[in-house]
Amino acid sequence: GTCSFLSSLCAGAEFERRTGKRIISAALYPQDAAGRPELSSSGRYAVRLQLNGVWRCVVIDDFLPADASGRVLCSRSNNEGELWVSLLEKAFLKVVGSYAFAGSTSSKDLHVLTGWLPETWRATRKGFDPSHAWNRLLGGHRCGDVLASLGTSELSKAQEESLGLVSGHAYAILDVAELPSAAAPEPLRRAAAARAPS
């Protein structure tokens, strides 16, 4: 159920890496003299989240759910020793109830993490202009002013296989670029061909 939060976290972390604007790492305390998160000697952490329009401090410890062999049963970084993913997820789930979280939307979760006001586009909504949306997304990305994620609707197995996406899932958009149609990945060329007017 945390795919929307994790896609938001990934989009925010990649944005921070690319632009240097600290929007994810600034949320986790304690911090060193340079303002970077550091390990807590007490195992106690504070996470700043935007909840109901107000910045709140959510206090957590570093105990994480694990199985009998010690394998962590929550989201985690691939880099051993990095706790930030697990800690931010734990703070978020503390606020929403538990690890049995049913899910949310990426736009809401991006707002909780960053305070940025979300804008949601529904490609199936009448009047949706894909060219206008693409130009705004590309322009915002180039200026370093956009965080984006994508949520899929219910897809058939054939659509999942064709697009390489999972039905009812959230994805972080990590980069935005225009490619010549011949350079586009095969699933995108097939999708574009299917949408092209005959």
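Me: Hi! Before we start, what is a nonpolar core?
Reply: Hi! A nonpolar core is a set of buried Ala, Val, Leu, Ile, Met, Phe, Trp, Tyr and Cys residues joined through side-chain atoms within 4.5 Å. Keep in mind that we're looking at a predicted model.

Me: Got it. Which residues touch the most other members in the largest core here?
Reply: Those are L9, V47, L49, I60 and L88, out of 24 residues in the largest nonpolar core. The elements giving two or more residues to this core are α1, β2 (44-51), β3 (54-61), α2 and α3 (106-114).

Me: And which element gives the largest share?
Reply: That's α2, with six residues of this core.

Me: Let's zoom in on L88. What is it in contact with, leaving aside neighbours within four places in sequence?
Reply: With those neighbours set aside, L88 is in contact with F5, L9, I24, A27 and V47. Another core lies apart from the largest one; it has five residues, including L138, V146, A148 and V176.

Me: New topic: E14. Where is it?
Reply: You'll find E14 in helix α1, which covers residues 3-19.

Me: Is E14 buried or exposed, and why?
Reply: E14 is buried, because its relative accessible area is 17% and the cut-off for buried is under 20%.

Me: What does its side chain pair up with?
Reply: The side chains of E14 and R17 are joined by a polar contact of 2.6 Å. Also, the C-alpha atoms of E14 and A172 are 9.2 Å apart, although 158 residues separate the two along the chain.

Me: How about cavities, how many of 30 Å³ or more?
Reply: The count is one. The largest cavity has a volume of about 70 Å³. Of the 13 residues lining it, R18, H141, V146, A148 and I173 lie nearest its centre.

Me: Which element gives the most to that cavity lining?
Reply: Helix α1 does, with four residues. Both α1 and α4 (130-143) supply at least two residues each. By class, the lining of the largest cavity has nine nonpolar, one polar and three charged residues.

How values were computed: Residues are numbered from 1 along each chain as its sequence is written. This is a predicted model: local features need pLDDT of at least 70, side-chain atom pairs count only at pLDDT 80 or more; totals for chains, interfaces and linings use all residues. Side-chain values use heavy atoms; hydrogens and water are left out. Buried means under 20% relative accessible area, exposed over 50%, partly exposed in between (1.4 Å probe, protein chains only). A polar contact is a pair of N or O atoms within 3.5 Å; within protein, one must be able to donate a hydrogen and the other to accept it, and residues adjacent in sequence count only if both atoms are side-chain atoms. Contact means heavy atoms within 4.5 Å. On a 1 Å grid over the protein atoms alone, a cavity is a set of points where a 1.4 Å probe fits but cannot get out, and a pocket is an open set with protein on both sides within 12 Å along at least five of seven lines; lining residues have an atom within 4 Å of a point. Grid points are joined across faces, edges and corners, and a volume is the space filled by probe spheres set on the points. Ala, Val, Leu, Ile, Met, Phe, Trp, Tyr, Cys and Pro count as nonpolar, Asp, Glu, Lys and Arg as charged, and the others, Gly among them, as polar.
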